[in-house]
Amino acid sequence: MSTRSQAPAPTPATAPASGEAGRSPGRAPGTRPSAGRPARWQGPAAAAAFLALLVGGWHTMALALDSVLVPGVDRIGAEILLLVSDPLFYSELGVTFQRVALGFALAFVAALFVGIAMGRSPLARRFFEPAVLIGLTVPGLVWALLCVIWFGVALINPVTAVALSSAPALTLSIYQGTRATDAQLLEMAHVYRFSAYDRLRHLWLPSLAPALFGGARLGLSLAWKVIVLVEIFGMSDGVGASINGEFAAQNVAGVLAWTVLFAVVMALLEYGVLQALENRAGRWRKVASV
């Protein structure tokens with residue numbers, strides 16, 4: 001009696017071929033899943049949700065307390081509309097912005113050279129390190145009061161206060177970025193005998209871009225706080241002086257309206273200017289990683 005060998009079972013036609021396992025049916029190769037398309041809206045949606053929660057929580061607290069010291073959102077909104085319709089608001093904001101710009105520019109130039117020197121030379125690091133530590137620990141209120149005492153109502157008063165408050169944080173950020181710079185780039189600049197200007201333009205500024213923008217955000221946040229204090233204590237114009245006027249009139253809604261508008265201007269500066277410049281400065285990193 002003859003025996004018949006059993007042939008292996010045929011492979012089902014529906015089994016996925018090699019290299020196609022895990023690929024969802026009906027999607028062409030190289031295409032992204034549709035679930036990732038709305039991801040770009042998640043950031044703005046989360047920010048909008050936080051702001052809605054903040055506004056709703058404040059208004060609920062104002063209704064519960066029913067006090068003139070905690071005005072509702074409607075009163076604050078009315079004050080905001082009154083301010084933005086007044087040309088004096090833009091004049092006061094421009095004065096404050098000019099003072100911050102001058103002080104931060106002075107701090108940026110000083111921090112750039114000091115931070116690079118600290119990162120490149122151990123002697124410079126030991127020399128400037130105490131100044132950076134002192135600058136980081138001294139409160140901004142102290143710089144504001146000292147500059148008011150020293151310089152009075154002159155322009156050098158707010159400019160110096162802004163520079164003293166923002167330079168230490170910016171210097172520390174640049175120093176850390178200098179220490180993290182690729183040694184091969186430094187060696188290449190030395191081999192090709194780059195001048196000091198070429199090294200600053202083609203080596204230090206591009207490689208330090210993340211540290212510069214990170215330090216700029218921290219330095220500007222400190223600068224905005226200090227400039228308001230300086231204008232409250234020693235200036236007759238600017239955002240701080242206007243907030244002080246609302247405080248003297250016991251107009252809490254006016255104080256909060258100036259605060260909200262000031263925060264809006266800072267947000268526009270962050271998302272409209274700093275992030276755009278950072279993306280432009282970091283294009284070469286994206287191209288190099290491709």
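Predicted model: local features only at pLDDT ≥ 70, side-chain atom pairs only at ≥ 80, totals over all residues.
Residues are numbered from 1 along each chain as its sequence is written, and side-chain values use heavy atoms, with hydrogens and water left out.

Now switch to cartoon. You'll see twelve helices and zero strands (DSSP runs numbered from the N terminus: H or I of at least four residues for helices, E of at least two for strands).

Next, select Ile-174, Leu-220 and Trp-224, which have the most contacts inside the largest nonpolar core, a set of 34 residues. Such a core joins buried Ala, Val, Leu, Ile, Met, Phe, Trp, Tyr and Cys through side-chain atoms within 4.5 Å; buried is under 20% relative accessible area, exposed over 50%, partly exposed in between (1.4 Å probe, protein chains only). Colour the helices that each supply at least two core residues, including H3 (87-120), H6 (156-179) and H11 (252-281). H9 gives the largest share, nine residues.

Zoom in on Ile-174. Beyond its neighbours within four places in sequence, Ile-174 touches Ala-111, Leu-112, Gly-115, Ile-116, Leu-208, Ala-211 and Leu-212. Apart from that core lies another, of six residues, with Ala-144, Ala-161, Val-226 and Val-230 among them.

Finally, zoom out: 31% of the 290 residues in the chain are buried.

How values were computed: Contact = heavy atoms within 4.5 Å.
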